[in-house]
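Take a look at the chain below.

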Amino acid sequence: MTVKSKDSRPGGRSARVRAAVHRAVVELVGEVGADNVTIPAVARRAGVNPSSVYRRWGTAPALLADVADRRQDEEAPELLGDLREDLERVAVWTLADLSRPGGVAFFRADVAPDVDERRAGLRACLERVSARFQAPLDAAAERGEKVPALERVLDRVVAPLYFRVVFSVPGTDERYVRGLVAELCAGRDAPG
């Protein structure tokens, strides 16, 4: 007989507790900021015992990182079959994700080096973001289109987008993001 862990039951108590705790974290980050989120406050908001939260996540930064990981798993926009439009949709979705309440705080928690050395937060975050942008490149390549290298997309679209959102640079909006993609696509023949 195989014994399943509590987390392997998608509809079990563990999943319900995790969902309630994650919801509480997102709400609290939006209300008081990530730096002021405490495990007792999260437990109170989620309606669970603080010891359950401590046992599962250990620290508030580890909990924030787990929420950040889960937020990244949310479904990215559907591809429409045009490279520029698909890259724009993914870039705009990324901007919206970073700009929603707690977005930057969750990003910072996700890449914090001291949260969990086993996670390799920076690498995992880069892999998720890369996969998100690789999808439209792969689809366009399958259609026979010439596509820029992923590294070029990261340098020309993703890096400036994250930089401007993290540092709250004015004018970082959907129009700006679409402009980054337009510039990238206009220079598609340049070495990547």
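Is Ser168 buried or exposed? Ser168 has a relative accessible area of 60%. The cut-off for exposed is over 50%, so Ser168 is exposed. Keep in mind that this is a predicted model, and every value here is computed from it.

Where does Ser168 sit? Find the loop between helix H8, residues 150–166, and H9. Ser168 lies in that loop. Now check its backbone. Phi of Ser168 is near 50°. That is a positive value, and the residue is not a glycine.

Next, the whole chain. It has nine helices and zero strands. Read from the N terminus, the order of elements is α-α-α-α-α-α-α-α-α. The chain has 192 residues, and 43% of them count as buried. Now take the contacts between residues at least 6 apart in sequence. Of these, 64% join residues at least 24 apart.

Go on to the aromatic rings. How many aromatic pairs does the count come to? The count comes to one. A pair of aromatic rings is described by the distance of the centres and the angle of the planes. Here the rings belong to Phe163 and Phe167. Their centres are 4.9 Å apart, and their planes stand at 45°. Stacked needs planes under 30 degrees apart, and edge-to-face needs over 60.

Phe167 reaches 56% relative accessibility, so Phe167 counts as exposed.

Arg164 lies over the face of Tyr176. The distance to the ring centre is 4.0 Å.

Finally, see how two helices meet. Two packed helices are described by the angle between their axes and the distance between the axes. Take helix H5, residues 83–99, and helix H9, residues 174–186. Their axes come within 9 Å and cross at roughly 145°. The crossing of H5 past H9 is right-handed. Which residues make the contact? From H5 come Arg84, Leu87, Glu88, Ala91, Val92 and Leu95. From H9 come Glu174, Val177, Arg178, Val181, Ala182, Leu184 and Cys185. Sort the residues of this contact by class, and you get nine nonpolar, four charged and no polar residues.

How values were computed
Residues numbered from 1 in each chain as written. Predicted model: local features only at pLDDT ≥ 70, side-chain atom pairs only at ≥ 80, totals over all residues. Heavy atoms only, no water. Axes fitted to C-alpha atoms, helices over the stretch in contact; angles between N-to-C directions. Helix = DSSP H or I, 4+ residues; strand = E, 2+ residues; numbered from the N terminus. Left-handed = near helix turned anticlockwise from the far one by under 90°. Contact = heavy atoms within 4.5 Å. Nonpolar A, V, L, I, M, F, W, Y, C, P; charged D, E, K, R; others polar. Phe/Tyr/Trp six-rings, centres within 6.5 Å; stacked < 30°, edge-to-face > 60°. Buried < 20%, exposed > 50% of the residue type's maximum accessible area, 1.4 Å probe, protein only. Lys NZ or Arg CZ within 6 Å of the ring centre and 35° of its normal.
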